[in-house]
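Here's a quick briefing for anyone opening this structure for the first time.

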Amino acid sequence: MSYKRDTCSKCGEKSILKGEIGLRTSKDKELIMIVRQDHGVEKSVPLQPNICSQCGFVDLYVQNPNHLKINSEDRPINPDFKQRPLLESDF
Ligand SMILES: [Zn+2]
């Protein structure tokens, strides 16, 4: 699913900057990630900005929020992690 907005949610102008725009560290240009830890499982997706060229408003989003969901196949990053059994309602 590709999701790109072209309208600024602050000023309402259709002036969102085009192109591959990502949040990166200034030093090594590594992407900034959203990291979710739950049940000892770690999931991450890159944090992506929409930037309005009119007012400079920056809107943050992730392209694949489904990647942050924890599945029954996911294994805890720490093998010693003790957890209660995963329930259907956890997903
Ligand atoms: Zn704007």
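Keep in mind that this is a predicted model. Across the protein chain the mean pLDDT is 86, with 88% of residues reaching 70 or more.

**The big picture**

- You'll find 4 strands and 0 helices in the protein chain.
- Reading from the N terminus, the order of elements is simply β-β-β-β.
- Of the 91 residues in the protein chain, 4% are buried.
- Take the contacts in the protein chain with a separation of 6 or more: 53% of them join residues 24 or more positions apart.

- E1 covers residues 33-38, and strand E2 covers residues 41-46.
- These two strands run antiparallel and pair over 6 bridges.

- Strand E3 takes in residues 48-51 and strand E4 residues 58-61.
- E3 and E4 also pair in the antiparallel sense, over 4 bridges.
- Which residue in E4 is the bridge partner of Gln48? That partner is Tyr61.
- This hairpin has 6 residues between its strands, and Gly56 shows a positive phi near 80 degrees.

- Glu13 lies in the segment before strand E1.
- Why does Glu13 count as partly exposed? Because it has 14 C-beta neighbours inside 10 Å, and partly exposed is the class between 12 or fewer (exposed) and 20 or more (buried).
- Beyond its neighbours within four places in sequence, Glu13 is in contact with Cys8, Cys52 and Gln54.
- Glu13 and Cys55 are 42 residues apart in sequence, yet their C-alpha atoms are 8.8 Å apart in space.
- Lys29 also has its place in the segment before E1.
- Lys29 isn't a glycine, but its phi is positive, near 60 degrees.
- With 8 other C-beta atoms within 10 Å, Lys29 is exposed.

**After the strands: Arg75**

- Look for Arg75 in the segment after E4.
- Is Arg75 buried or exposed? Arg75 has 9 C-beta neighbours inside 10 Å, so it counts as exposed.
- Arg75 and Val41 are 34 residues apart in sequence and 6.1 Å apart in space, going from C-alpha to C-alpha.

Notes:
Residues are numbered from 1 along each chain as its sequence is written. This is a predicted model: local features need pLDDT of at least 70, side-chain atom pairs count only at pLDDT 80 or more; totals for chains, interfaces and linings use all residues. Two residues are in contact if their C-beta atoms, placed from the backbone, lie within 7 Å. Two strands pair if DSSP finds at least two bridges between them. pLDDT is the predictor's confidence in each residue, from 0 to 100.
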